[in-house]
Amino acid sequence: ERGVEGLETVIAMEGCKCSTTRDAATAFRVPVDCMGKVVAFRASALDQFVVAVTCGVKQFDLKLLAALAGCDKKSLRIAKPDECVGGLGFSHSGMPPFGHRSGARVRVLVDSCVRECGEKLV
């Protein structure tokens, strides 16, 4: 499953290795729309990270993310694994939506679907 062009996701939990959001939803016994997805982007024009949070199998709209972050689409790209660890303090495959490394230049953008899931969000 590809939430962002070129980014393959693998979801792991004890006793289960899930390769899609749908697989993980089944394993966690929650609706697929309540599976959280967090991806770190690098906004080179702003010299900052943009961490985007959405639900289920929704794809990120890079043009919209760039506009919300205050840059153009061309300067926004998926952050490289070493950038995630060095700049945010977390692996790209285990990126939390909040609580990034102190001093990190990061803007967090959360899709409204997250609120709609409430306590069911995984």
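Modeller: The largest nonpolar core has 12 residues: Val 39, Phe 41, Ala 43, Val 50, Ala 52, Phe 60, Leu 65, Ala 66, Ala 69, Cys 71, Leu 76 and Leu 109. β5 (36–43), β6 and α2 each give two or more residues to this core. The model is predicted: local features need pLDDT of at least 70, side-chain atom pairs count only at pLDDT 80 or more, and totals for chains, interfaces and linings use all residues. Residues are numbered from 1 along each chain as its sequence is written, and side-chain values use heavy atoms, with hydrogens and water left out.

Biologist: What makes a set of residues a nonpolar core?

Modeller: The set must hold buried Ala, Val, Leu, Ile, Met, Phe, Trp, Tyr and Cys residues, joined through side-chain atoms within 4.5 Å. Buried means under 20% relative accessible area, with a 1.4 Å probe and protein chains only. A second, separate core of 7 residues includes Phe 49, Val 51, Cys 84 and Leu 88. In soluble globular proteins, nonpolar side chains tend to be buried together.

Biologist: Which residues does Cys 71 touch?

Modeller: Ala 43, Leu 46, Ala 66 and Leu 76, not counting residues up to four places away in sequence. Contact means heavy atoms within 4.5 Å.

Biologist: Why is Gly 36 called partly exposed?

Modeller: Its relative accessibility is 34%. Partly exposed lies between buried and exposed, and exposed means over 50%. So Gly 36 counts as partly exposed.

Biologist: Where does Gly 36 lie, and what is it in contact with?

Modeller: Gly 36 lies in strand β5; strands are DSSP runs of E, at least two residues, and helices are runs of H or I, at least four, numbered from the N terminus. Leaving aside neighbours within four places in sequence, Gly 36 is in contact with Thr 54, Leu 121 and Val 122. The C-alpha atoms of Gly 36 and Cys 55 are 4.6 Å apart, at 19 residues along the chain.

Biologist: How many helices and strands are there in the protein?

Modeller: 4 helices and 8 strands. The order from the N terminus is β-β-β-β-α-β-β-α-β-α-β-α.

Biologist: How much of the protein is buried?

Modeller: Buried residues make up 38% of the 122 residues.

Biologist: What share of the contacts in the protein with a separation of 6 or more comes from residues 24 or more positions apart?

Modeller: 49%.
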